[in-house]
Amino acid sequence: MDARTFETAARRWEGLGPYYAMFPTRFADEVISRHSRPGDVVLDPFAGRGTAVFSAAHQGRISLGIEINSVGWVYAKTKIDAAPADAVAVRIAALGDVSNSFSREADSLPNFFHRCYCIRVREFLCAARATLSWQVDKVDRTVMALLLVYLHGKLGAALSNQMRQTKSMAPDYAIRWWAERELDPPDLDPVAFMVSRLKWRYAKGVPDVRGSEILLGDSQEQLPLVADTLKRRRKRVSLIFTSPPYFALTNYHYDQWLRLWLLGGPPTAHRVPGTQDLRGRFENEPRYRRLLESVFAASSSTLSRKSTVYVRTGSDPITLDATVAALRSAFPRHAVDQRKRPYTRPTQTSLFGDSSVKAGEVDLILTRE
């Protein structure tokens, strides 16, 4: 996070959602401002937590995003379409009213949860997991987004025992770490805790970001629908701004297993059923290449004649080569400019014991006048 203050609604909402491998918000603001104009359509087919989507919407563009991970989608959708604060507060209180009826579910959770959360928090989270219709209801989705933010983090600043906020730790590791340091979960009232966080988030209101959308699903399936919608509205994309997954860098589902549990997944750090295909795309080179080729080819059909494609990618050979090849194939009439972006500070992998020097990233800027 840069040195910005939180004195506007946009600054309070832009960072909603700790997530592994994120666009810096200032970087997104600069790219959007430089390569598009108010009223233009901006597309991000690998939206993550929606930093580019939010930045474009906040700057008066029509932004469209697609995200396959439900954690990222909940964050991104809430940033561009948050429910009123009063309604969110009422829903949080209602969860507190029924949480006692989830004592059996709370007791039956694996040992990790007992060491991570006090009983009142476990019951509250079980109630939220069972009753929030986050996929279809704006109020429920906003409540869920705020819960995901504070589900784990620093002791006293989150609902959990001491944990990293960005990435869910492995249960056995976390239990050993807590035991060695004699750390117990904080005994707190989850309703009071969440309402206090709610007041801070809404203190400056909500951003005016009308006219934008983010879809939950696979870009290969969603992009044809996006293209059809734009065609009916007689709109074309002026800027594609995205960062695809880097080859074999991380598994977004494993890294977010605890938040995915709250969204209905299993209470373990094992890979979520049905995501083996995702792992294959990100860690099997031929399938990874086909993924990038397919998504960028489908994206090309949405572009206006005078357009820009701005892609931030990794500089490791497989990721960079696959991305460049997919872009050249999908956008043959665009000129390609490569700009190296070396890391200027330790990467997030240093938080988990990997302090080796990383090669940095590369910005690929494709333009057609």
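This is a predicted model: local features need pLDDT of at least 70, side-chain atom pairs count only at pLDDT 80 or more; totals for chains, interfaces and linings use all residues.

A: Residues are numbered from 1 along each chain as its sequence is written, and side-chain values use heavy atoms, with hydrogens and water left out.

Q: Okay, helix α4: how many of its residues are buried?
A: Eleven of the eleven in residues 70-80, so α4 is largely enclosed by the rest of the structure. Buried means under 20% relative accessible area (1.4 Å probe, protein chains only), and helices are DSSP runs of H or I, at least four residues, numbered from the N terminus.

Q: And what caps the N-terminal end of α4?
A: Asn69, with a side-chain oxygen 2.9 Å from the backbone nitrogen of Val71.

Q: Switching to rings: how many aromatic pairs are there?
A: The structure has 15, counting Phe, Tyr and Trp rings (the six-membered one for Trp) with centres within 6.5 Å. Take Phe112 and Phe113: centres 5.4 Å apart and planes at 90 degrees, so that pair is edge-to-face, a label for planes over 60 degrees apart.

Q: Which other ring does Phe113 pair with edge-to-face?
A: Trp257, at 6.2 Å centre to centre and 90 degrees between the planes. Phe113 is in helix α7 and Trp257 in helix α14, 144 residues apart.

Q: Are those two buried or exposed?
A: Both Phe113 and Trp257 are buried.

Key. Buried means under 20% relative accessible area, exposed over 50%, partly exposed in between (1.4 Å probe, protein chains only). Helices (H or I, at least four residues) and strands (E, at least two) are DSSP runs, numbered from the N terminus. A polar contact is a pair of N or O atoms within 3.5 Å; within protein, one must be able to donate a hydrogen and the other to accept it, and residues adjacent in sequence count only if both atoms are side-chain atoms. Rings of Phe, Tyr and Trp (its six-membered ring) pair if their centres lie within 6.5 Å; planes under 30 degrees apart count as stacked, over 60 as edge-to-face and the rest as tilted.
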